Every structure is written in structure tokens, then in C-alpha cells.
Amino acid sequence: MQYNRAIYKQTLFLSALAIAILTILVGYSWYWNSKNIRTEKINLALAEARANWNKDAAFRRWVTRHGGLYVKPDARTPPNPALAHLPHRDVVTTDGMKLTLMNPAYMMRQMAEEFEKDFGIKGKITGKRQLNPINKPDEWQLKVLNIFESGKTDEVYEQQIINGQPYLRYMKAMYMTEGCVKCHGILGYKDGDLRGGVSISIPLARYFSAASEANRGIALTHLFIWLCGLFAIIAFAWLLERLLLRMADETLRDGLTQLPNLKLFKNRLEQSIEKYRRDASPLFAVCFLDLDRFKNLNDSRGHKVGDKLLVALSQRLSKLLRPGDTVARMGGDEFTFLLNNLNNVDEALNIARRILSSFDKPFRLENDEIYTDASIGVCLMTEQYNNAEDMVRDADIAMYRAKASGKGRVDVFNPEMHEYAIETMRIENDLRMAIQKNQMEVYYQPVIDVEHSTIYGFEALLRWHHPEIGDISPDRFIPVAESSGQIKKIGAWVLEQACAQVREWSLQFCPDKAFFVSVNLSSIQLTEKDIHETVKDVLNKTRFDKSKLHLEVTETALVGHKEQAKEAIENIRQLGVSISIDDFGKGYCSLTYLQDFEFDTLKIDKSFVQDMSPGGKGLQLVRMLMLLARDLNMEVVAEGVETVEQFNRLNAMKCPYIQGYYFSRPVSVEKTRVILEQGAHENVSVLLKNNNLSLASQNTG
Ligand code: C2E
Ligand code: CA
Ligand code: CA
């Protein structure tokens, strides 16, 4: 997954950076500490050098003040030949002990020798002029003597390697005192003059070994700190990565169903497209599923039930798909599937059909059982697609087509659908102003009373004369009005037009026995809580006889929100208005609807009427439907009667009411008035005569 990879990379980079910073910090601290320890050890050596110098100076002062010391002469301290000129160089004590005089320089030299032998510390008095050539300065001492002479400082130290060993060389200036003048006066020194300096060399090896020991401790401590830091960084990076992955996962999942969301779906789809284009991997498809009438369920049963249904649905869908496929929720009641590794189109269609047939089983939500249905659009990958949006859009378009062609269906996208979708958008847009712009017109199709050969009433059918597209069929724009929420306004307008118009004709042409009018109600109108109020208002406003109003509902309008529809129908019937079941037999043809709802009229769908060839099933079905209607105390209207044969057969079966092109197409108000003026309401032969006269040129207008 791309997101995961990005997170891995980011956390890896962050941890590497943190480890680098930790290493630099710990390393610097270690370096700084060990440097400090070395400096501290050098300072200690310096202190030792100073202490030595002080002791040396104190001795020197002491012996100088006393001018010398008598000792027993032996191999180490033989009589000093340099003092041979002194008569008292060698003395004998009264008890006969021989003593010889040691001058301060001699003594100091010997002590220095002892000191070096025992402790490795070198000491030497030196000056630019000297009595004893042993005291001649070496190169470094000469350099320091020059510094002393310059007066910049009277103390200098420096690390040096002597005979392969590290030493701290220290030298401090010495000035002439009264005692010194006695011996060194001959070199031209006066009291207070810079006489030279005493140089002390402290061996550094033991200081360095102490420093190394301390350093080892410091190194171990730092290694420990570094390891702790490393552990902390790794642990933190691990936690961070998990957190980021979880957060990323949450932003990629739908909160309600936990299915992948649109973003994740598109991401996966993009990968499939990429793979397909790169190495022509197997075919794949995108399906778009939308629940039919989910909004009704949400409105009638509440959002909680709606949410539960979506969760149950998401679980069902996940189980139905193959491993490797993706099901995602786009939002609302829309789901998408990515079907990978298909061999052909049929495979995608089979999966889609399998999903749709799973809707035969109800969804069990606690103590509720809910039946619902869905429409699926399929979009197959082709060379033309190079982004996820286009595929999802086309699957969506195909889904709309599936819905428009009767819900509970599957449709596969083809390019014409794209144009269709664009036209739908235009229709939706232009529909908003269609009534105001006088583009809408209600047409009327007479319903014939067969026994009396009269016009019994009319069905009101809406027409839209679009100035650019031309006449648009209600089958085309009514679903758009439904889905865009405009049907309420349009429906109420048709109802009012029809009631007002038919009342006017009744008053004018048959005041004793008024015409009825049938007005179609859309499924969306059936879910309006106040639909009966709207009907009541129109009845009041137009003063139309309520018993002459029939509202037609289709079976499909009842599916999915039975309870709501039942309530609406009962409320309307209580007003005294009749309800017809329209297109009966065309859709679900579930006889239980006839049991559950109270209808006043059954309208036999034109598909049955037009299939009434002798011996055909249609004939028997129509007969059966008529019997059924009679048993249930319903009126029967046969729709779509186009030919004299169809009419004769229905007549033979004693079908009481007939509607169809055989008598008249739906026509405008003006044309209806013309036929009424001709007396068609009293004798329908006028209609037949009209038809025979102008059958060839007749159209819906
Ligand atoms: P519907 O309610 O079944 O209306 C009957 C349809 O059959 C009408 O189509 C009518 O012109 C057509 N028809 C009538 N006699 C014959 C015939 O002998 N042969 C054939 N082939 N067709 C015949 P139309 O007017 O195009 O309306 C189509 C559908 O649009 C209607 O079907 C109805 O469901 C819907 N509709 C029309 N007006 C309205 C309206 O105001 N509100 C609502 N909600 N739906 C409407
Ligand atoms: Ca109808
Ligand atoms: Ca019908």
C-alpha cells in the first residue's frame, strides 16, 4: 500500500535522523569529557611540577643561606674539586671525623639525581651563563629563558616527548638573592637579577594511564546512554509508525461500516489501472451500487435503522466478494466494488447479479426485518481509462441507467450513457423553471365506459415542451424530478391543473354526472408526510368533487416503504379520494400488495393487453386479473388498447373500462374540448370516427 510505504519511509528517515543526532550529541559529550579529564590530569601534573619547584626553591634558599653543608666524604660525596681553593673545604672534628664541604649547587644536583632515580622527576637549574657546564640549557630551556628575559611571564610549561616518554616540562624563573651572589657574582649577576630558571619535567605516563582509566568509565557510560537513546528512538519510532498507520487507516476507512472509503478505493483502483496499462494484467471492473429508496427508509424509520442497514449490508457485501476484490463505501447508500482478475464481462455481471439476488433475503436488524433492493452499474476497464475518477463516474452513470430502467437491476456502462448523464443533468437544471416558463402542459386521455359507450373520465398525463430539446417524455423527466426533489412541486401543479380543468368540463358538458380524473402519484409523493394535506388543499381550491378524483400509484412505488405508503394511502382514502393500482402486473406483480393495501381500481398493464393473441398467456392473465379485481371489489381499467381486436376481446370479457390509442391518445386541453364539443362523452363512436379519419397523421398532440 502506497500510504503505508510512505509512512515506513518517513518513520525510517526520522529514526535515522534521531539516531544521527543522538550519536553526535553522545559522541561530543564523550569527546568533551575525555578532553576535560586529560586537561585535568595535565593540571595535576602541573601542580606537581609547581610543588616540586617550590620545594627545590626552598631547599636552594636554605642551603644558599648556610653557604654549604659538611658531610662525610664517600663515593657519592667526594671532596668537591671545585672548592679545592677553600682552606676549610676539608675539616676534621675534634674526635677525628673527616668532613668535606658540599656547596648548594652540588647538593641540589645530587638531590635532583636522587629524585629522578626514585620518582622519575627531572630537575635542573639552568641559566644563560653558568659555572658548571652541566647546567647549560637545552634547546627548550633556552627558548624559555628568552621568554623570561622578555618579561612576558616567569613560568612556562609544555608537553614533550623525552626518550620516547611523555613529559610535562615546567620552568620557572629564578632571581639572584644575596646568598647567590657569593658564588655566581663572578658571572656578573647582581642581587635581584634574573639568574636563570629551574626546569622540572614530570613524567606524564601515570597521569595518562589514570586518564585512560577514567576515560574507559566515561566511554562505558556514554555507550550505555547511547544504547538507551537508541532503544528509546526505536521504541518511539515503532509507536509513531503504528499511530500514523492507524491514523492513516482511519482516514481511509468509512467511520460507520469500517469499509475502505472513497480515497482508499481510488488509491487501489489507480494501482489496478496502472498495472493494467503497464503489463496488460487481467481485466477488472468497477461496480457502483446504490440502494433503491434508501432515503425513504431513512425518513420513515429514522437514521439509526438506516445506519444499521448500511452496516449489515457492508458485512453482507464483504462476504459476497472474492478475496482480492475491494468493497468500499462512497458515502450515503452508495458502495463501490473493485473486481480484479476477471476473465470476461460475464464474470463481473455474475458477481453483480449475485449481489442483487442476495437482496432477496431480508436484513435482520435486532427485532426488525428489512427488505431492500439495489441497482448496480458496472464499468469495465478499457484502454481509454487512465484515472480512477472516470471509471467511478461511468460506473455511477451505468447505475443511474439501471435505476431508471426499473430498479433492482444491473447495467454495464457504454459511451452513450455518458451523453445520457449529461442530458439528465440538463433536464434536472431546466426542470426548475419549466412550470414558470409555461413549458409544462397537462394532456388528457379519455377512459371509456364500455357498456355505455361514453367517456367516463380522463387520465392526466404531463407533457414538457422543451424549447431546445423538443418534447420530453414523462418517463424521462419524472424520474429526474423524483431524484432531484422537484416532483412534489410538479405533482401538486398537475393535480391542481387536472382538477380545475376536469371540473370545468364536467360543469360544461355533463353537469349531472361529472367526469372523474386520474392523476399519477410518484413513489416520492407517497412518502411525503403531508401528501393528503396537499390533496385536500387542491380539492378545496378547485372545488373538485373528491369522489371523482383517482390517484394512481404503481406497485414499484410501494416496494421498500410499505408502511409509509400504506399510511399515505389510508389518509388519502379517508378524504374520499380513490386509489388505483397502476401498471398492475408489470413490475413485481406481488399479489400480497392487493391484500395489504386497499385499492379502488386496478389498471391492467398495457403489456398484458397487447399480448392477448388467441391462446396466448396474456389473454388468460387478463381474464384472471379481471376476476381477481371483481372478487376484491375493485374497478378494472384496461390500458394500452390499440386495436379493435384488443377492444373486442376485452369487451367479450366484460371489461368495464378501457383506455388506449384505439379511442384516443392523450391530447391537449384544446383538443379534448373539441372532442367533447363533438359529443364524444356521450358517444365514443365520435372518437373512433376521428381516429379512422386521421389515423395516419395522428400523434400524441
Ligand atoms: P402511465 O401512468 O402508465 O400512463 C400511461 C402511459 O401509456 C402514457 O404514457 C400514455 O401515453 C401511454 N398510453 C396510453 N394508451 C396507450 C396505448 O394504447 N398504447 C401505448 N403504447 N401507450 C399508451 P406517457 O404519457 O408517456 O406517460 C408515461 C408515464 O409517465 C406514465 O405512465 C406515468 O407513470 C408517468 N407520468 C405521466 N404524467 C405524470 C405525472 O403527472 N405525474 C407522475 N408522477 N407521473 C406521470
Ligand atoms: Ca397512470
Ligand atoms: Ca399505466
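Analyst: Happy to. Arg76 has a relative accessibility of 37%, so this residue counts as partly exposed. Please keep in mind that the model is predicted.

User: Which residue meets the side chain of Arg76 in a salt bridge?

Analyst: Start from where Arg76 sits, in the loop between strand E1 (69–71) and strand E2 (90–92). The partner lies 37 residues away, in helix H2 (residues 104–119), and the pair links distant parts of the chain. With 3.2 Å from N to O, the salt bridge is made with Glu113.

User: Thanks! How far apart are N and O in the salt bridge of Glu155 and Arg50?

Analyst: A salt bridge needs a side-chain nitrogen of Lys or Arg within 4 Å of a carboxyl oxygen of Asp or Glu. Glu155 and Arg50 meet that requirement, with an N to O distance of 2.7 Å.

User: Where in the chain do these two residues come from?

Analyst: They link distant parts of the chain, 105 residues apart. Glu155 belongs to strand E5 (residues 155–162), and Arg50 to helix H1 (residues 2–66).

User: Is Arg50 buried or partly exposed?

Analyst: Buried would call for under 20% relative accessible area, and exposed for over 50%. Arg50 has 33%, so Arg50 is partly exposed.

User: What separates Asp390 and Arg393 along their helix?

Analyst: These two form a salt bridge, with the closest N and O atoms 3.5 Å apart. Asp390 has 23% relative accessibility and therefore counts as partly exposed; Arg393, at 35%, is partly exposed as well. Because they are three residues apart in helix H10 (residues 388–404), what separates them is about one helical turn.

User: Which residues are linked in a network of salt bridges, and how many salt bridges are found in the whole structure?

Analyst: The network links Glu459, Glu552, Lys603 and Glu639. Lys603 is the one that can supply the nitrogen, because a salt bridge takes a side-chain nitrogen of Lys or Arg. A search of the whole structure gives a total of 35 salt bridges.

User: Lastly, what is the area of the nonpolar surface patch that includes Leu14?

Analyst: Leu14 lies in helix H1. At 43% relative accessibility Leu14 is partly exposed, and patch residues must have over 30% relative accessible area. Phe13, Leu14, Leu17, Ile21 and Leu25 together make a patch of about 510 Å².

Note on methods:
Residues numbered from 1 in each chain as written. Chains lettered and ligands numbered in written order. Predicted model: local features only at pLDDT ≥ 70, side-chain atom pairs only at ≥ 80, totals over all residues. Heavy atoms only, no water. Helix = DSSP H or I, 4+ residues; strand = E, 2+ residues; numbered from the N terminus. Buried < 20%, exposed > 50% of the residue type's maximum accessible area, 1.4 Å probe, protein only. Patch = residues over 30% accessible without salt bridge, like charges linked within 9 Å, V, L, I, M, F, W, Y side chains within 5 Å. Areas by Shrake-Rupley, 256 points an atom, 1.4 Å probe, with all protein chains shown as cover.
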